[in-house]
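This report describes the helix packing and a few individual residues of the model shown below.

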Amino acid sequence: MPTANTTALDQDLLISEAVERDGSRLRNFIRRHVNDRDDADDILQEVFYELIESYRLMKPIEQVSAWLFRVARNRITDRFR
């Protein structure tokens, strides 16, 4: 979770850990709900972009995995509107 004392290097490490830990599960989750592979990859990229933005803006995320899947569900919903 980012704090006022978190450096950019620390943020990069936290982001990398989240991508490595949750990336494949998140990709599989999105692909189960989105038939088009390119759309699924776009959503995955959007989710990780939001994670990066959240860390850069110092918005605390307590449960990163849960947050990622919630954002993914929201993006999937947005895609079908």
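Helices (H or I, at least four residues) and strands (E, at least two) are DSSP runs, numbered from the N terminus. The model is predicted: local features need pLDDT of at least 70, side-chain atom pairs count only at pLDDT 80 or more, and totals for chains, interfaces and linings use all residues. Residues are numbered from 1 along each chain as its sequence is written, and side-chain values use heavy atoms, with hydrogens and water left out.

**Confidence**

The chain has a mean pLDDT (the predictor's confidence in each residue, from 0 to 100) of 89, and 93% of its residues reach 70 or more. Confidence in the chain is lowest in H1, with a mean of 92, and highest in H3, at 95.

**Helix packing**

Two packed helices are described by the angle between their axes and the distance between the axes. Axes are lines fitted to C-alpha atoms, for helices over the stretch in contact, and angles run from 0 to 180 degrees between N-to-C directions.

| Pair | Angle | Axis distance |
|---|---|---|
| H1 (residues 8–33) and H3 (residues 64–79) | about 30° | 10 Å |
| H1 and H2 (residues 37–56) | about 155° | 10 Å |

The angle of about 30° between H1 and H3 makes H1 roughly parallel to H3; angles under 35 degrees count as roughly parallel, over 145 as roughly antiparallel, 65 to 115 as roughly perpendicular and the rest as oblique. H1 and H3 cross in a right-handed sense, that is, with the near helix turned clockwise from the far one by less than a right angle. Contact (heavy atoms within 4.5 Å) between the two involves, among others, Ala18, Leu26, Phe29 and Ile30 of H1 and Val64, Leu68, Phe69 and Ile76 of H3. The residues of this contact divide into nine nonpolar, two polar and four charged. Here Ala, Val, Leu, Ile, Met, Phe, Trp, Tyr, Cys and Pro count as nonpolar, Asp, Glu, Lys and Arg as charged, and the others, Gly among them, as polar.

With H2, H1 packs at about 155°, which makes H1 roughly antiparallel to H2. The crossing of H1 and H2 is right-handed. Residues of H1 including Leu14, Ile15, Val19 and Gly23 meet residues of H2 including Ile43, Leu44, Val47 and Leu51. The contact of H1 with H2 is made up of 15 nonpolar, two polar and six charged residues.

**Individual residues**

Ser54 lies in helix H2 and counts as buried, at 7% relative accessibility. Buried means under 20% relative accessible area, exposed over 50%, partly exposed in between (1.4 Å probe, protein chains only). Not counting residues up to four places away in sequence, Ser54 touches Lys59, Ile61 and Trp67.

Met58 belongs to the loop between H2 and H3 and is partly exposed, at 30% relative accessibility. Most residues other than glycine have a negative phi. Met58, although not a glycine, has a positive phi of about 60°.

Thr7 sits in the segment before H1 and is partly exposed, at 40% relative accessibility. Thr7 and Arg56 are 49 residues apart in sequence and 9.8 Å apart in space, C-alpha to C-alpha.
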